[in-house]
Amino acid sequence: MSEYVIIVAGGKGLRMGADIPKQFLPIGGRPVLMRTIERFRAYSSSLRIILVLPQAQQDYWHQLCRQYEFDVDYQLTNGGETRFHSVQNGLALIPDDADGVVGVHDGVRPFPAIEVIHRCYETVRTAKAVIPVIPVVESVRRLLHDELSSKGEPVTATSVSVDRSDYRLVQTPQVFDIQLLKAANRQPYRDTFTDDASVVESYGQAITLVEGNRENIKITTPFDLQIAEALIRPSTTA
């Protein structure tokens, strides 16, 4: 049974405020995206890695690969209009008759624990659709109407407290039976497709949750980058 991972790296870094896309920013002296790919290679030397990257970013990525002597084997394809379409492009590189499982992972999540990756890929062999999640540790309120400010000033909003134990934060890799994910991605695109699990769930497949790891952050802001530097520090100074 073959194992694949599609690593989607299409961010423009707008929230990061940087001159280059966030997946290319260095943490511990090495680009985020390289660390992400290396984590999956560490999980398995036989895992087939597919990288989805906007065509306009590919020349710069190749420059980085030469600069950092990055030689992990992978296949490259172009990003799409949305994440949904980018995953479709990645799936197109997997044979239509392939028997196995495929994960989809955010290129800017460089810290999935190896044991979490293993747990996802093992569980999916019987569960068909698996995602890693972590508990919500802060109090949560549900807004009854949209009345939030983006400028930081105090706002009075009608809201209700909810039981945080009923909720989980979703991470990647999200791992699926290959044929299931291919079939689900033949659906017409919808705005409600926020991740691959939502695509598969809309196709009628139940999703199995497994324990993730809190360090598996998605780097989208300068503060996230500071956290990533702190997480990488022990391994760079050991």
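Student: Where is Glu69 found?
Tutor: Glu69 sits in the loop between helix H2 (58-67) and E5. Keep in mind that we're looking at a predicted model.

Student: What's up with its phi?
Tutor: Glu69 isn't a glycine, yet its phi is positive, about 50°. Most residues other than glycine have a negative phi.

Student: And is Glu69 buried or exposed?
Tutor: Exposed: its relative accessible area is 68%, and the cut-off for that class is over 50%.

Student: Which residue has a positive phi of about 75°?
Tutor: Lys128, again not a glycine. You'll find Lys128 in the loop between H4 and strand E7 (129-135). Lys128 counts as partly exposed, at 38% relative accessibility.

Student: Switching to helices. Which residues of H3 are buried?
Tutor: H3 covers residues 83-91, and the buried ones are Phe84, Ser86, Val87, Gly90 and Leu91. They are on the same side of H3 because they cover an arc of only 160° around the axis.

Student: Why would that spacing put residues on one side?
Tutor: An α-helix has 3.6 residues a turn, so residues three or four places apart point the same way.

Student: What do the buried residues of H3 pack against?
Tutor: Strands and helices both: E1 (2-8), E4 (48-53), E5 (75-78) and E6 (100-106), plus helices H5 (178-184) and H6 (196-202).

Student: What happens at the start of H3?
Tutor: A side-chain oxygen of Thr82 comes to within 3.3 Å of the backbone nitrogen of Phe84.

Student: How do H1 and H4 cross?
Tutor: The axes of H1 (residues 32-43) and H4 (residues 114-127) come within 9 Å and cross at roughly 65°. The crossing is right-handed.

Student: Which residues meet there?
Tutor: From H1, Arg39, Phe40, Ala42 and Tyr43; from H4, Ile114, Ile117, His118 and Tyr121. That contact splits into 6 nonpolar, 1 polar and 1 charged.

Student: Last one: is Asn213 buried or exposed?
Tutor: Buried, at 9% relative accessibility. Asn213 is in the loop between strand E12 (208-211) and helix H7 (222-237). Leaving out residues up to four places away in sequence, Asn213 touches Phe111, Pro112, Ala113, Val116, Ile134 and Gln171.

Student: And overall, how many helices and strands?
Tutor: The protein has 7 helices and 12 strands, and buried residues make up 47% of its 238 residues.

Methods: Residues are numbered from 1 along each chain as its sequence is written. This is a predicted model: local features need pLDDT of at least 70, side-chain atom pairs count only at pLDDT 80 or more; totals for chains, interfaces and linings use all residues. Side-chain values use heavy atoms; hydrogens and water are left out. Buried means under 20% relative accessible area, exposed over 50%, partly exposed in between (1.4 Å probe, protein chains only). Helices (H or I, at least four residues) and strands (E, at least two) are DSSP runs, numbered from the N terminus. The arc is that of the directions from the helix axis to the C-beta atoms. Contact means heavy atoms within 4.5 Å. A polar contact is a pair of N or O atoms within 3.5 Å; within protein, one must be able to donate a hydrogen and the other to accept it, and residues adjacent in sequence count only if both atoms are side-chain atoms. Axes are lines fitted to C-alpha atoms, for helices over the stretch in contact, and angles run from 0 to 180 degrees between N-to-C directions. A crossing is left-handed if the near helix is turned anticlockwise from the far one by less than a right angle, and right-handed if clockwise. Ala, Val, Leu, Ile, Met, Phe, Trp, Tyr, Cys and Pro count as nonpolar, Asp, Glu, Lys and Arg as charged, and the others, Gly among them, as polar.
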